[in-house]
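Here is a short report on a two-chain model. Keep the structure in view as you read.

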Amino acid sequence: MLLSIFKVLVFPGLLFLGTYSFLLEFIDRKVYARMQNRKGPPWYQPMADMLKLIGKKVIVPRNAQKFVFAALPTVSLAAVCAAFLCIPVFGSTAITAYSGDLVAVLYLLTIPTLCHFLAGYNSHEVYSTIGAFRTLTQMFAYEVPLFLAFLSPAILAGSWSISGIAAFYMAHPLYTLINIPAFLVSLLASQSKLERSPFDAPEAETEIVGGALVEYSGRYLAFFRATAITELTAMASVLAALFLPFFTGSVWLDFALYLVKTFSIVLVMVLLRATMARIRIDQTLKFFWSILTPIAMAQMILNLLLRGGLGL
Amino acid sequence: MSDYREKNKVVVQIGPQHPSLKEPGSFKITLDGEKVERAVIEIGYNHRGIEKACESRNYIQALYIIERVCGICSHAHTSCFCQAFEEIAGLEVPRRAHYIRGIVGELERLHSHLLWLGVASHEIGFDTLFMYTWRDRELVLDLLARIGGNRVNYGVNTYGGVRRDLEPELMQDILTVCDLLEEKLKYYADLALTETTLIARLRGIGTLLPEDVRKYSAVGPVARAAGIMDDVRITEPYGVFREIAVNGITDDHCDVYGRTLVRVKEMLEAIRLIRIMVKEIPDGPISVRPPRKLPVGESLSRVEAPRGEDIHYIRSNGGESPDRVRVRAPSEANWHGMSHMLEGFQLADVPIIIAAIDPCYSCTDRAIHLIGDGINQLTDWAQIRALSIEQYKARGIDPGSIKIREF
């Protein structure tokens with residue numbers, strides 16, 4: 001009992017999530033800066049930013065519903081934390097592994113996006129409203145290819161649990177190669193889900209001044225920021241668990257592997273962010289629906305056929 | 001102007017304070033969904049009374065004010081003002097001074113266009129290119145600081161020539177920087193031609209067709225991107241450009257993408273010109289002594305600033321200070337077509353379309369007071385042509401006698 005509480009709260013649960021998210025944010029910012037020929041922040045900068053924000057005054061817009069305005073940041077952070085507990089980090093099994101947790105994770109990771117939308121809509125300000133609608137539009141763009149791409153390895157493995165999928169690919173490591181197109185699709189879709197360049201139209205600061213969160217300040221904004229960075233960690237972890245399911249059997253080695261995998265995924269995401277211009281929201285929609293969705297669908301059909309053909 | 005509100009239409013107020021604007025200016029954008037239906041532009045937040053300030057000081061003091069008309073193209077403005085002064089005074093500027101003016105002017109074009117490229121890529125969320133171009137711009141700024149002692153207001157120009165000579169080792173360093181920059185600029189040109197997201201964001205937006213360019217009298221890279229060659233260095237060569245031919249750069253995209261290509265290619269052309277000028281620079285004095293007072297007269301002079309055609313007008317009544325000074329900065333000509341450029345495109349394109357004319361707000365802002373109805377008089381093309389030939393002859397220049405060398 002005490003051990004499970006420790007697992008959930010400290011390691012590999014929430015405290016680890018927080019610490020590791022700060023680290024990944026630092027890596028993200030530092031590598032991004034180095035790619036731009038800048039020096040970049042020191043290692044403690046993400047924490048310093050967070051502490052500073054928490055200490056700042058909170059201003060709630062007069063037209064906003066106060067309770068909703070205050071609850072949204074907490075809800076979105078809680079959703080990401082809940083999702084993270086279903087993802088294997090320490091070893092190949094998650095803290096709370098159950099049948100169908102992949103679907104639960106997908107839905108839990110949708111909540112922050114919806115919170116973003118509601119936050120913008122509830123602020124009753126023109127920039128935040130436009131940002132909110134862009135957030136929602138973008139969600140309709142990436143959600144289908146992302147879900148299809150995430151479910152493809154699950155179909156091949158015949159399990160709806162992330163830990164179960166990991167166990168399947170541990171037994172058949174070569175089958176992971178089949179999922180490479182789905183991996184690429186989900187990398188791009190995650191980039192869009194995290195609202196990172198080139199898919200950062202919902203928060204384009206030079207167009208709509210930061211989008212849905214314009215009116216947020218102080219600790220509420222800090223919670224939204226925390227959501228953003230923990231979401232990055234959670235997405236990188238899901239991608240690592242689904243598409244790079246290489247395990248050794250020893251928990252500590254597996255943990256080291258997990259770190260390497262998530263690091264590499266974040267590095268690829270930084271590379272995407274650094275080398276492209278922000279594309280318009282209509283271009284995002286077109287890109288996802290006309291290119292990525294067909295690829296993801298083809299992958300899914302392929303995996304269905306293979307599952308029958310391989311006699312698994 | 002009053003608020004433009006209709007049912008189901010959103011009015012987005014961009015500015016006077018907005019992250020995409022570097023200076024205050026107000027844009028009321030009426031949106032239909034994400035599409036811009038109407039754009040109302042209000043400038044005038046930055047009126048400084050420069051012209052009046054010049055008129056109430058003597059010529060030497062006025063020159064230092066003119067240098068501060070623009071924060072980027074300070075040299076173009078003083079060149080233009082000095083030309084007008086020299087014409088009234090009848091000063092013969094030494095050739096070496098013309099070359100130094102030319103070199104500094106082209107260096108300024110490099111730094112202005114690099115700045116623009118950075119700002120534009122920031123507007124479309126391509127911060128990496130922004131950081132790269134501003135890093136490279138430092139090379140030019142360091143050179144300018146060595147030439148004039150300042151990064152932006154170099155104070156090189158004076159009436160009758162220039163104030164600072166170029167030492168041989170400095171010219172060697174200019175050539176070194178040119179080599180470094182050329183390599184990088186070729187990379188940016190390549191990037192502009194191949195990078196998919198960049199092209200997707202720039203192509204087909206902010207269109208201004210050649211007939212619209214004429215209608216709204218747009219100048220500079222905006223006109224040249226529509227295939228209209230209006231480079232003053234070519235259409236009415238001045239200073240060093242009466243000796244050295246400039247390769248005009250035009251493009252037929254008519255959009256923001258075309259303006260980007262024009263600016264990138266102009267930077268390569270500027271490097272070519274700097275190399276020639278450094279090689280061909282003659283020895284001799286760098287200035288002649290200007291008079292303290294100007295004779296009665298007036299003059300209009302044109303210079304190709306990085307943003308387009310810059311026009312200065314001086315009228316003298318024989319005193320120590322000008323009777324009337326008029327500065328028509330290039331951005332002033334480009335504002336007229338802005339509503340037309342914005343309408344029909346998306347909100348996401350608004351910042352980059354505004355940035356594509358490389359707007360300079362404070363250079364532009366004037367207080368104009370119309371007395372009566374004004375004079376309503378149209379002059380046709382033949383009359384303008386006859387008048388300008390007459391005026392050239394009055395200035396002692398035979399337009400047919402100018403010999404420009406090709407390099």
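Predicted model: local features only at pLDDT ≥ 70, side-chain atom pairs only at ≥ 80, totals over all residues.

Residues are numbered from 1 along each chain as its sequence is written, and chains are lettered from A and ligands numbered from 1 in the order in which they are written.

**Chain B**

Chain B has 16 helices and 8 strands. These are DSSP runs (helices H or I, at least four residues; strands E, at least two), numbered from the N terminus. Its C-alpha trace spans about 65 × 55 × 40 Å along the principal axes. Buried residues make up 46% of its 407 residues. Buried means that 20 or more other C-beta atoms, placed from the backbone, lie within 10 Å of the residue's own.

**The contact between chains**

Two residues are in contact if their C-beta atoms, placed from the backbone, lie within 7 Å.

| Chain | Residues in the contact |
|---|---|
| A | 23 residues |
| B | 26 residues |

On chain A, α9 (205-208), α11 (251-275) and α12 (281-309) each supply at least two residues of the side that touches chain B. The largest share, 3 residues, comes from α9(A).

**The nonpolar cores**

A nonpolar core is a set of buried Ala, Val, Leu, Ile, Met, Phe, Trp, Tyr and Cys residues joined through C-beta atoms within 7 Å. The largest one holds 169 residues, and A:Ile87, A:Ile162 and B:Ile353 touch the most other members. Helix α10 (residues 218-243) of chain A gives the largest share of this core, 17 residues. Another core, of 29 residues, lies apart from it and includes B:Ile43 and B:Leu63.

Methods
Buried ≥ 20, exposed ≤ 12 C-beta atoms within 10 Å, placed from the backbone.
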